[in-house]
Amino acid sequence: MAAIRADNHRLRLAVRYLVLILIAAIFIFPLMFMVMSSFKPSDQLLSDTSSLRAFLPVGDLSLHNYMGAFERAPVGLFVVNSIFVTSTTVLLSLLVCSLAGFSFVFLQWRGRDVMLSIVLATLIVPFETIAIPLLLEVSKLPWLGLSGLEWGWLDSYRVQIIPWIADGLTIFLFVQYFKGLPEELIEAARVEGASWLQIYLRVVLPLSGPVIATAAILKFLVMYNQYLWPLIVVQQEQYRPVMVGLQYFFQLSPAWGEIMAYLTLITVPVLAFYLALQRAFIASIATTGVKG
Amino acid sequence: MKLFNVTAGAVIAATGLYNAAFATTTLSIWYHGAGNKVESKIINQIIDDFNASQSDWKVALESFPQNSYNDSVTAAALAGKLPDILDMDGPIMPNWAWSGYLQPLPIPEDHFKNFLPGTKGIYDGKLYSIGLWDAAVVLYARKSTLKELGLRTPTLDKPWTKDEFDHALQAAKSSAKFDYAIDLGMSDKSEWYTYAFLPFLQSFGGGLVDRKTYDTAEGALNGDAAIAWGNWWQSLFKDKLAPGTSQDPADHENGFIDGKYAFSWNGNWNAVKTMAKVDDVEFLPAPDFGQGPTIGAASWQFGISASSQHPDGAADFIKFATQDKYLAEFSNAIGLIPATASAAQMTDNYKDGGALSVFFNLSKAQAKKRPVTPGYVVESKVFQKAAADIADGAGVTDTLDASVDQIDADIKRNDGYKKN
């Protein structure tokens, strides 16, 4: 009897792992295809798509596509631009949105609920609908830089960063998380004479690791994948990010091997960032799950 | 004191005149070739040569990826940030001129009298843009295939008729040697659809829009000729003569070379690559479906933005860039048709007896511009959808009627695209 039970257990385990492996394969195969194809000549890459060879390191493998990608486009410049714009925006966004969330949850001020509703309402407005008005606005804004006062933000890093610092989703994440923090902690800090800024810095932020990680990852992905906005506000190559750079590879005859090499190169920062924050991200999801 | 003032004034004035006489003005130019190593090299060479040839103007290049170029230009126009010189795809020129992005070239049209018609961007009677090359579409075939299937080799003077073309496709299918008789490039769902397939419709006697008034598509896109085209077009896919809209891009890329297709309706920009891999490739002119054979015309061209403060400098650059030696250099590098016969003689492929000389004559004989109207940008999109839908099995008459409604509504919405 015990032997039958053990067999059933093993069978269930095997089926469970089989299903999990299949699901994992669905997600990992595109990545494998991208990486493997980046080492193959375009002709072979295209002919391999009709078989499992597409996912295997077989055939004529070389680094030619990578060299071709660097010759075709300033890949390093695009990656540095994207990382600079993304990391700056993420940091500023975490600061501004967490302060906004703190204010919405812990401070009492007139019109707070209405303002929060307005912020949340922005979640349903697609960016494409405001892209042109925003373009017209930023093209006329003043900026005091090292060379004095200038008009218009086009062709700069700031035009890619500042409009994206505050957003409804990130504020919403912080509001939801802060609402779950024990009120007793805040009250105790107030009784001890802590200022609101001290409470934010010393009580709330240290407890907010998971939501900071979640917000950072989501914001990172949004910023790193920016395409439409930089396309219309950046005209000089020196400010272009990776996704606009991808278009360099789509000529009349797309250089598929170089495209895969470029995609592999620009995926590395995303994977590295995700792996660095993976634990906190999963903890955040798990926490949300328990609450739900 | 008075003498000092006069002397000082004279010195300042002289310095100003000196500076004015030797000042170099920077002209900005936008080009669609970012990521295209060959084109980038040549355009940079032209600019370097121009900058070195005189001291009045210094041209500064900014390159953009081709796929997103039009969006960048439109956004810049909205923000008032257009450069002095910009290049544009031929059929979009009327829209940009109508939208106020461009000014007519301050160069007499006579200066370009030897240029192929497809390279001249003329709208509202004015020359707005000029191209260094044109492109052409032909029917790729193998001499051996034509022989095996017992087919006559069509010529410019005597192209295949509709019956001959249909017979060729059926013969290829019956031979059972190919996956499909012809590759039409259905996987390339872009301007290719209009550029490559509108000529078929025109040869049937139809059109995208009434070219006399440009204020309706009624009759042109849904008349008897257009319906005949639609039925024929649909039969190509229903009868499995050509792969449909789900064609694998890899097959479009290499299918003809690999022998999967007997024929390929393809652009001359793929000719050099194909010649290197298919020894007996033959480039055949477009068939005549009744109203004369036509192919698309007009490729990338240079123009001057309406906001440019230096149209004279921009014109100097355009005249410099359109010299025969540069037309030939571009043609040798990217395989497209040089804009003049004299430049063609300077090329490897287009000189008399050259492997691609057929394209030059083809462009002269069969090229027909896509409708020269600001509404083309919408009309083209509507046609692309209609061609795809019909290929996928949609009702021909209903699809074309719906397309006419969309085009007419757009024309009406824009008040007939009246000239400003």
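1. Into which domains is chain A divided? In this predicted model, chain A is divided into domain 1, which is made up of residues 1-72 together with 252-266, and domain 2, which covers residues 75-249. The centres of domain 1 of chain A and domain 2 of chain A, taken over C-alpha atoms, are separated by 35 Å.

2. The contact between these two domains of chain A takes 10 residues from domain 1 and six residues from domain 2. On the side of domain 1 of chain A that touches domain 2 of chain A, helix 3 and helix 14 (256-291) of chain A each supply at least two residues, and the largest share, five residues, comes from helix 14 of chain A. By residue class, that side of domain 1 of chain A divides into eight nonpolar, no polar and two charged residues.

3. Turning to the contact between the chains, chain A gives 24 residues and chain B gives 21 residues. On the side of chain A that touches chain B, the elements giving two or more residues are helix 2 (42-48), helix 3 (64-72), helix 6 (127-138) and helix 12 (228-233) of chain A. Helix 6 of chain A gives the most to this side, with three residues. The residues of the side of chain A that touches chain B comprise 13 nonpolar, seven polar and four charged ones.

4. In chain B, how many of the five residues of strand 3 (residues 85-89) are buried? Five of the five are buried, so strand 3 of chain B is largely enclosed by the rest of the structure. Both of its faces are covered, with B:I85, B:D87 and B:D89 buried on one side and B:L86 and B:M88 buried on the other. In a regular strand, side chains alternate between the two faces of the sheet.

5. With strand 1 (residues 25-31) of chain B, strand 3 of chain B pairs in the parallel sense over two bridges, and B:I29 stands opposite B:I85. With strand 13 (residues 300-305) of chain B, strand 3 of chain B pairs in the antiparallel sense over five bridges, and here B:L86 stands opposite B:G303.

How values were computed. Residues are numbered from 1 along each chain as its sequence is written. Chains are lettered from A and ligands numbered from 1 in the order in which they are written. This is a predicted model: local features need pLDDT of at least 70, side-chain atom pairs count only at pLDDT 80 or more; totals for chains, interfaces and linings use all residues. Two residues are in contact if their C-beta atoms, placed from the backbone, lie within 7 Å. Helices (H or I, at least four residues) and strands (E, at least two) are DSSP runs, numbered from the N terminus. Ala, Val, Leu, Ile, Met, Phe, Trp, Tyr, Cys and Pro count as nonpolar, Asp, Glu, Lys and Arg as charged, and the others, Gly among them, as polar. Domain bounds come from an automatic or database domain assignment. A residue is buried if 20 or more other C-beta atoms lie within 10 Å of its own, exposed if 12 or fewer, and partly exposed in between; C-beta atoms are placed from the backbone. Two strands pair if DSSP finds at least two bridges between them.
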